[in-house]
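Hi,

Here is the structure I promised to pass on. Have a look at it first, and my notes follow below.

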Amino acid sequence: MYQPVPVRFGTTVAITGGTVLPIAAGEQRAAAIENGTVLVENGRITAVGPARSVTISDGVRTVDAGGGWITPGLLESHGHLGLHEEGESDADNDVNEKTNPNGAALRALDAINPADVGFRDALRGGVTSAVIKPGSGNPIGGRTAAIKTWGRVVDEMLISEAVSVKAALGENPKNVYGRQQKTPSVRMGVSRIIREAFVAARNYAAHKEEARELGVIHDEDLALETLCQVLRGELAFDQHCHRADDIATAIRLSEEFGYRLVINHGTEGHLIADYLAEKGVDVIVGPLLTSRSKIELRNRAISTPAVLAAAGVRIALTTDHPVVPIDLLINEAALCVRAGLDPETALEALTINPARMLGLDDRVGSLEPGKDGDVVVWSGHPLELESRTAHVFVDGREVYTHDWETGEARVADPFGTTYIHLP
């Protein structure tokens, strides 16, 4: 399936000869650039524009896009790569700590396995970064991490750990603890756990400030420290919820405590799209390529992103990998276009929108000078079913190439031998 190749040394490259879709320029939507060039130097983008306007120094490696399309690397805004591994046993499933309904002290970063084959699948689908989140078994699941999808050590792949805290409402947490005859076993109990946790965090912050003013030591609590960061707006609260009433509860809780809410899944979001728009709440929609496998999904619809966007809600899309294979993220967007979503909005939902929602837009989400050299070359327009990834660059290093002669996917082996590429 994948042919490992040596890592290409060097992070300076000029990608030429294709139509560039920068996605954004600052806060504005950016127009396509025919016969464009993206120049990456020392892992960062330094120039984007028509070929005639970009100067390429002698000796810089050039990759010809061959008339294809060039986009920023896609961002999976809600996935479980390396936590819920492909083809795993129970010993390899680290996505849910089902022993304490308040998992705010947990960190996804501590359990991500970069050797998960899902990372190679991500590259196949043009996904170069992902926000990895604990599962939805707990009302408060733990801290998330934004990482690149290529690397050997998760600390080297890390974009930011100051992203969000995963939380959940609805069926999943109440079923996990209901089977154990513990709280929470109903929706009221799930909300109670979250509400009590934030009351405790608010009290903790006040006591800590009082101790600081008195010059005395205040013992630290990992869970409460994390929730205090949510209250200060340093971390978003990523709330898993499907049903419209659960979405409304998530908004109610966020307004009660004043934290920044991002709805994850939002399956029935189309039923209250105007309410979400009025509240200014972002929604990560998906996974969409699934059956209605539980009651909460009975109103799942491919048209939900289009309805939300039309109402003025900022959206992102997710595969919830491995619920849907991560390489199908671009196909979800294409199907949403067929169901009425504007094509440019569909691409934004895989790039700049999730980057802005989760505070990552200084690094990823668009092709702009100063951002990471995460670039994908597609054989055709990325939303066309026949198009495939031809080249994938992470921080300017080519990590994935499709071999058109053999049909093989060639992935640079992060654990393999590195050879020096001399210009």
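What percentage of the 423 residues of the protein chain count as buried? It comes to 56%, where buried means under 20% relative accessible area, with a 1.4 Å probe and protein chains only.

Before you read on: this is a predicted model, where local features need pLDDT of at least 70 and side-chain atom pairs count only at pLDDT 80 or more, while totals for chains, interfaces and linings use all residues. Residues are numbered from 1 along each chain as its sequence is written, and side-chain values use heavy atoms, leaving out hydrogens and water.

The C-alpha atoms fill a box of roughly 65 × 50 × 40 Å along the principal axes.

Now to helix α6, residues 244–257. Its 14 residues reach 20 Å from first C-alpha to last, close to the 20 Å expected at 1.5 Å a residue (1.5 Å times one less than the number of residues). Because 10 of those 14 residues are buried, α6 is largely enclosed by the rest of the structure. Among the buried ones are Asp-246, Ile-247, Leu-253 and Phe-257. What covers them includes α4 (187–214), α5 (222–231) and β16 (236–241), as well as β17 (261–265) and α7 (273–279).

Cheers

Terms used:
Helix = DSSP H or I, 4+ residues; strand = E, 2+ residues; numbered from the N terminus. Buried < 20%, exposed > 50% of the residue type's maximum accessible area, 1.4 Å probe, protein only. Contact = heavy atoms within 4.5 Å.
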